[in-house]
Amino acid sequence: MTDIYLGADRATELEEAAVDAALRTRGVDPVVQPETERLYTSGRSRRRERRHFLLPALHALQNAVGWISPGGVNYVAEVLDVPPAEAFGVASFYDLFRTEPPDHEGDTFHVCVDAACQIAGYDDLAASVRASGAHVHFGPCLGQCERAPALFVQGCGGRPDYVPADAEPFVLPQAGNPDLRLLRRIGVADPESLEAYLAHGGYQALRRAGQMGAEAVMEAVADSGLSGRGGAAFPTGVKWRAVAAETGRPKHVVSNCDESEPGTFKDRIVMEQDPFAVIEAMTIAGLATGAANGWIYIRGEYPLATARLQGAIDAARAAGFLGEDAAGTGHDFDIAIWRGAGAYICGEETALFNSLEGFRGEPRNKPPFPTTHGLFGEPTAINNPETLLNVLDIVTDGADAYRSRGTERSPGTKLLCLSGKVGRPGLYEVPFGTTLGDLLELAGGVAGTGELQAVLMGGAAGSFVGPDSLDLRLTLEDTRTAGTTLGSGVVMAFDTSVDMTDVVVRIAEFFRDESCGQCVPCRVGAVRQHETLVQMQKRGALSPVRRELIDEMAEVMVDASICGLGHTAASAVRSALSLGLIGEAPSS
Amino acid sequence: MTAAGTITETAVTLTIDGRPVEVAEGSTIHAACVEAGIDTPTLCWAENLTPVNVCRVCVVELEGSRALVPSCSRPADDGMVVQTDTARVRHSRRMVLEFLGSGVDLSQAEDLQRWMEAYGADPDRYADEDHPVERVEEPVKVQDELYIRDYSKCVLCYKCVEACGDDAQHTFAIAVAGRGFDARISTEFDVTLPDSACVYCGNCVGVCPTGALQFKSEYDLRQADEWRPEDQSVTRTVCSYCGVGCNLELHVQDERIVKVTSPADHSVTSGHLCIKGRFGWQYVHGE
């Protein structure tokens, strides 16, 4: 028996079996450890050993019976040595977990209500799902903006999660283009076959990295000028060197696959269509930084990407590319996948660590930074999958070849997620420096009325630009100078038919829903900002006093929030106001 | 926890509002502000708890940092240049206080009220006649004779969770549940305290800054409009139950004990007690 107090509720056999199975696949014996003497002194260290299995265990409960029941929580609490109040606190944090009995039979159909799906008419999709007798749950961006409106089906009764659109054949808009670098294998090599990956240049980079050695790999990455593609654009070489410099503690490489920024779907397509590349690049990161533990934290709404990555890990391990002496490099490295459960904030790196560790996905204060205090408080290199993909070419071809594309300060190519009112929405790869206008042309131009009203750059955390920005060069430096951002690569177009007030009010609601609630500026600020915009929408105009209030709220969210969510929660709203997209009384 | 009584060999010197301040290495900026006699508002910080830096009311401007930093948790480094009274700092503090006041009942949060006045916070400016704003409104939980929980007064400072958990009691009866504005302090599935792991040490009540957690004795007097702190005496004594030596502060009104606390700087308790010291005083009155 543990010394944790458990209430009277007990799990059903079905719930116990589901949790046991989920733990066994992760090598955990779900037998309660007898505590014959008090071996531990501190709560947190006492719970450390098994606590990080909490998220997989909760997923198992949710999938088995459609909710996280009091008995289920008690069973998980007992097996994993987690206080039930904390397990409940974790379960209640996530959109994919219910902590009340389901009010419907069968699977849950999640319909996205964010911008791309908003203008593509999610209401019609929801109506047709309802007409089929299924239960609809409206939620945030599902990362399928190129095929909006988006649908994700969360299985119940042991049935797997799935995305109906995944049954359609995948088409890359730039298929066959010889200039593709990051996307060159997509649609060419079978993503489920290691042989196909090897036949298309797979694992040459890891072999090369093994010959070069860690120091030379890091030098190449630093010289390449590669910067993070998750949105913050931090220099990857600097991050890796900081982790490599840490000694004496276990180290980690985490791939941040919790892509949740509205409008972003690039990582999903990469993971689904070229999963071995993500695995290989993570292995190189492990080699370079001296980390033996690889983790993929992937958002729960990506079942196909999860399956393909797991398949790739299994195949790579069987072929000796993962595990002890991975690929003969002399370095041990293996990878485990943890699924998120519906929380935008868990894409913030320190919130991701907390979530993976079995705590609430609340960001940590920085400093200390992940390079010294990351996952489990240990040195961690956390990278976006697109960032990692770049490493393969940098290692194989060298930094100079890599820098031959893009600009001096933004070398290489960039994946961009084209959605909204464009002719051919989808994932595009262009060299940094391509203009916004050329990119839109590449994607088939403005659809709908054919007349551009605005483009959302960088997602909900980014900002709007107007039609006068078509000459904007898409680089880190040019977008910064222009007061906007590439962020996670979102380029969402709105034609003149779109009611931008609806779009911006929804963006504000998104932040209200997705704030973790930890710090006051964001927890309350995101609510008050949304309320102010709803007032504006009802009145048809924004008074000068209210306009000033939005700026005052934005200032405290930027200045005093703990993490990037609060820092950016007012960004798109303010850009829409200053462009005159919202806030003016209608002239007609 | 503070390093009270610890002699640290190394000192660091930082500049706060243009003045050099020397503190022991490992001290926080907030500790340096205290050293310099600068009144810094705090809400989620307490000397007997690990800083969680969530309320953001103690933020200061740190040269070289893009955003403001929480003084309660950021260690003071040699050569740091800190400003505590700039327009940016005052704005953030005012807005944090205003946000809190706009969403919860702060009528019994005396420190907060003082700071709201000092920073000119106007929590009423968000709502108008046609558009009320969302507030935390929950019925008071009266589930036993020892203490009550009124989450419409809760500012989510995490202090009670810390005191129930790693920082003092290691009972883990409560945690933060839900997300965003809907986040609440809760037992598992909101079961009543008697059904939870709660051991009634009352340490959560001891650290609550807003009256969201309140001893039942105080709550009953407040309900009857008979709570008169100005008429109360506080007597310090030693708990008579065991040999540990916990110091108690007996708050007495009309010759009756109305609540029991312990000094946060007491070497034995750090302000925390057990159920006997906290609640087992009825025998004094022959009950």
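Guide: Helix 1 of chain A passes helix 3 of chain A in a right-handed crossing; a crossing is right-handed if the near helix is turned clockwise from the far one by less than a right angle, and left-handed if anticlockwise. This is a predicted model, in which local features need pLDDT of at least 70 and side-chain atom pairs count only at pLDDT 80 or more, while totals for chains, interfaces and linings use all residues. Residues are numbered from 1 along each chain as its sequence is written, and chains are lettered from A and ligands numbered from 1 in the order in which they are written.

The two helices cover residues 13-24 and residues 54-65 of chain A, and they pack at an angle of about 140 degrees with their axes 8 Å apart. That angle makes helix 1 of chain A oblique to helix 3 of chain A. Angles under 35 degrees count as roughly parallel, over 145 as roughly antiparallel, 65 to 115 as roughly perpendicular, and the rest as oblique. Axes are lines fitted to C-alpha atoms, for helices over the stretch in contact, and angles run from 0 to 180 degrees between N-to-C directions. Helices (H or I, at least four residues) and strands (E, at least two) are DSSP runs, numbered from the N terminus.

On the side of helix 1 of chain A, the residues that meet helix 3 of chain A are A:Leu14, A:Glu15, A:Ala18, A:Val19, A:Ala21, A:Ala22 and A:Leu23. Helix 3 of chain A answers with A:Pro56, A:Ala57, A:His59, A:Ala60, A:Leu61, A:Asn63, A:Ala64 and A:Val65. Two residues are in contact if their C-beta atoms, placed from the backbone, lie within 7 Å. By class, this contact has twelve nonpolar, two polar and one charged residues. Ala, Val, Leu, Ile, Met, Phe, Trp, Tyr, Cys and Pro count as nonpolar, Asp, Glu, Lys and Arg as charged, and the others, Gly among them, as polar.

A further helix pair of chain A can be set beside it. Helix 12 (residues 266-273) and helix 16 (residues 385-397) of chain A cross at roughly 55 degrees, and their axes come within 9 Å. Helix 12 of chain A and helix 16 of chain A are therefore oblique to each other. A:Lys266, A:Asp267, A:Val270 and A:Met271 of helix 12 make this contact with A:Pro385, A:Glu386 and A:Leu389 of helix 16. Its classes are four nonpolar, no polar and three charged residues.

These pairs belong to a chain whose secondary structure comes to 24 helices and twelve strands. The radius of gyration of chain A is 24 Å, close to the 25 Å that the globule rule gives for 588 residues, so chain A is as compact as a globular protein of that length. The radius is taken over C-alpha atoms, and the globule rule is 2.2 Å times the number of residues to the power 0.38. Along its principal axes the C-alpha trace of chain A spans about 75 × 60 × 45 Å. Of the contacts in chain A between residues at least 6 apart in sequence, 74% join residues at least 24 apart. Buried residues account for 59% of chain A; a residue is buried if 20 or more other C-beta atoms, placed from the backbone, lie within 10 Å of its own, exposed if 12 or fewer, and partly exposed in between.

The backbone deserves attention as well. Most residues other than glycine have a negative phi, and most peptide bonds are trans. The bond from A:Ala148 to A:Pro149 is cis, with omega near -5 degrees, and A:Pro149 sits in the loop between strand 2 (135-139) and strand 3 (151-154) of chain A. A:Pro367 and A:Pro368 are also joined by a cis peptide bond, with omega about 5 degrees. A:Tyr203 has a positive phi, near 65 degrees, and counts as buried with 20 C-beta neighbours inside 10 Å. In chain B, phi of B:Asp225 is near 60 degrees, and B:Asp225 counts as exposed with 7 such neighbours.

Finally, the contact between the chains takes 42 residues from chain A and 44 residues from chain B. Helix 2 of chain B gives the most to the side of chain B that touches chain A, with nine residues.
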